[in-house]
Amino acid sequence: MSAQLLQYLLSGLTVGAIYALVALGFSIIYNASNVINFAQGEFVMIGGMATVSLIATGLPLPLAAGLAIAATTLVGLVLEKLAVERVRGESVVTLIIITIGASILLRGLAGLLWDKNLHALPAFSGERPIAIGGATIVPQSLWVVGVTLVVVAALWWFFNHTLHGKAILATSHNRLAAQLVGISVRRVLLISFGLSAALGALAGILIAPITFTAWDVGVMLGLKGFAAAILGGLGSGPGAVLGGLALGLLESLSAGYVSSAYKDVIAFGIMLAVLVLMPGGLLGRRSAERV
Amino acid sequence: MNLRSGLSTFARFASIATIAFAAHAAAPIKIGSFLSVTGPAAFLGDPEQKTLELYVDKINAAGGVLGRKLELIAYDSGGNAEKARTFVKRLIEEDKVDAIVGGSTTGETMAVIPLIEQAQIPFISLAGAIDIVEPVKKWVFKTPATDRMACEKIFSDMRTRGISKIGLISGDGGFDKSMRAQCIKVAPKYGIEILADEAYASKDTDMTPQLTKMRQNAQIQAVLNCGFGQAPAIVTKNFRQIGMTVPLYQSHGVASKVYIQLAGGAADGVRLPAAALLVAEAMPANDPQKKVVEGYKHDFESRYHQDVSTFGGHAYDGLYLVADAMKKAGSTNKAEVRNAIESTRGWMGIDGEFNMSPTDHMGLDLSAFRMLEIKNGDWTLVH
C-alpha cells in the first residue's frame, strides 16, 4: 500500500470517527422517540466550549471534561423537561421542529455566554504525529477512534443487558405496548436525552483539540453526524459508526484521488445512491418493521 | 382673527423660526453608518462600530469639525445586504446624513452602491474586495487594502526567496474564493507558477488528503493557503503533521493572535502579510506609521478592554478621511467633500498611507502590508 493511500485512509478514519461519535447521539434519541434531535450538534458544541472555559479557570482537563459532560447532560434533561415533554402526544414533526428551535436558541446563548472566537483544547497526549508506514496520524485521532469503540461497546451492553436500555428499545418498537407493560415512557425519553447530551459533550471534548471549538461548530458537526446516522441506518449503534467511517473515508479518498473541490459532492452522491438501494441505511432495520 | 391674536401668532412663528435657526447654526454634522454588528460578520462590525463611537466622541471633545459636533447615526445590518439597502435609504432620506462610513462586508457594500451614486453622497466602504473601487465609482471610496495586494505582497516575498513554483490551497468561503481568484490572476506578473490548486470546505476538520497530494509533487517550492476562520489553523497543523518542509504562507485573513493560539507550535515559520497595526510594538521607532497605529491601539484597548483588530482600523481611517475632507472643503457640501476625499495625499492612517486620485479610490500601495513571520508564537517583521 502506498504511503499516499495510507494517509488518505488514516485521514478518513480520523474524520469518520468524529462523525460517528456525533451520529451515535442521533441514534439514541431516535431509538427512544423516533425524533431526530437537531440540537445534537449543539450538545457537541456545549461540551467543547464548557471544557475550554473550565480549563481557563485553572481546572485540570479530566475534571473540566467531567463537569462539562455533567453540565451538557443537564442541558439535555432540561430541554426534554421544558420543551419536548410538554408536547408529548404531538406528532414527531412537531418534536423535530422543537429541537431545531432549541438548537438555534442554544447556539445564540453560547454566543452570548461565551464569545464568538475559536478556541483550542490541548491534545490529551501531545501533538507529536505517529508515523505508520510513511503516513502519519496525531495521537488525538487515536483517542477519538478508541473512545468511539468503547462507547459503542458500552451502548451495546446498555441496550441489551440493562433494564433501562431494554425499556428504551421496547419504547422505540411500540410505545403503547411498552406503556401497557409498565414502562414509563416519560422516563425513557428523559434518559435518552440525558444520555445523548452526555455523548455529544464527550464527542465535543474529544475532537476539540483537532477541529477546535466555537459557538457555531454544532451546525457542521450536526449535519455531518446526521448524514452519517442516516447512511448507517438511523437507530443502529454499529450503523452510526459504520456510516461515520464510510462518510469520512469517502471524503478523504475523493479529495485525494478525484477533486478536493467536489469531495462533498462525491461523498453525498454516493450516500444518496446507497439510500436509494437500501432505504433503511447500511445497517438499518427494514422500514416494514416500523409500521 | 383680531389684531392681538394675529400678533401673538406672528410672535410664536418668529420664536420658532429663531429656535430653528439657532439649532441649525449648531446642528451637528451627521455621519451615517451601517455595520454588521451582529450576525456572521459581527467580528467585523463590532470593532468598527466601537471605533466610530470612540473617535466621534474624541473629535467632539476636541471641538468637532468646522465648529460643529459630529453625530453618529449607525444601524446594524447584521451582514444582510437587503437590510443594508433599507438602512442606507433611511440614512439618506430620513436622517439626511452628510456622509456615510460603513459597510462591513463586500456584499452589503455592493448592494448599496446604486443608492449612493443616485443620491450623490460621499461613501467610504470598510469592506475588502477590489470590485468596490474597480471600476471607479464617483462617490465610493474604501479604506481596507485588497486581497489582490495581499497576493502581490506574498508573491514578491516568494521571489526574494527564489520561489517560483507553488501549491495553492483555498477554502470555499467568500474571502477564500476571492483571494484565490486574485492570486491566480496576478501570479504570472510575478513569475509564479501554480502547480496545484486544492480546495476544502471552510468547516472541514482535516486537510491532510489535499496536502498529501501536494507533498507528492516534488516541484512545489512553497504552499499558499487562501483561507479564513479556523481552517487555516487546521491546514497549518496538518502541514506539519505529514512532515512537509517547504515554506507555508497564510493570508492576511488569519492575521490575528487567535490563529497562533489555535495552530500552536505548528505556526512557527509561517509567513503572512498583515496590517501594521498587528506589529505596532515591533515596528522601528522611525516608522512614520508607528505613532498612528500605537495611538489607535492605546485608545481602543484602554476604552474597551479588548484586543484591537485591523477591522476597527478601517473605520478609523474612514471617519478621519471624511472629517479631514470636510475641514479641507470648509463645508459639508457633498460635492466639495467628495472632491476633497479624492484629493487626499500622503495621509497616514491605520491601513497605510493614503494617496487618493480620480483613478484610485483606495489610495494604498503594497507598503500597506508588512510581511510577518511567526517565531516562538509571536509575530516578527521580515525585512
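Predicted model: local features only at pLDDT ≥ 70, side-chain atom pairs only at ≥ 80, totals over all residues.
Residues are numbered from 1 along each chain as its sequence is written, and chains are lettered from A in the order in which they are written.

Chain B contains 12 helices and 14 strands, which are DSSP runs numbered from the N terminus (helices: H or I, at least four residues; strands: E, at least two). Its C-alpha atoms fill a box of roughly 100 × 45 × 35 Å along the principal axes. Of the 383 residues in chain B, 50% are buried, a residue being buried if 20 or more other C-beta atoms, placed from the backbone, lie within 10 Å of its own.

The contact between the chains takes 25 residues from chain A and 24 residues from chain B; two residues are in contact if their C-beta atoms, placed from the backbone, lie within 7 Å. On the side of chain B that touches chain A, α7(B) gives the most, with five residues. Elements that each supply at least two residues to this side include α2 (42–61) and β7 (193–199) of chain B.

In chain A, helix α6 (residues 163–173) has the buried residues Ala167(A), Ile168(A), Thr171(A) and Ser172(A). Seen down the axis of α6(A), these residues fall within an arc of 135° and so line one face of the helix, the arc being that of the directions from the helix axis to the C-beta atoms. The buried residues of α6(A) pack against α1 (3–33), α5 (139–161), α7 (175–180) and α8 (185–211) of chain A.

Key:
Buried ≥ 20, exposed ≤ 12 C-beta atoms within 10 Å, placed from the backbone.
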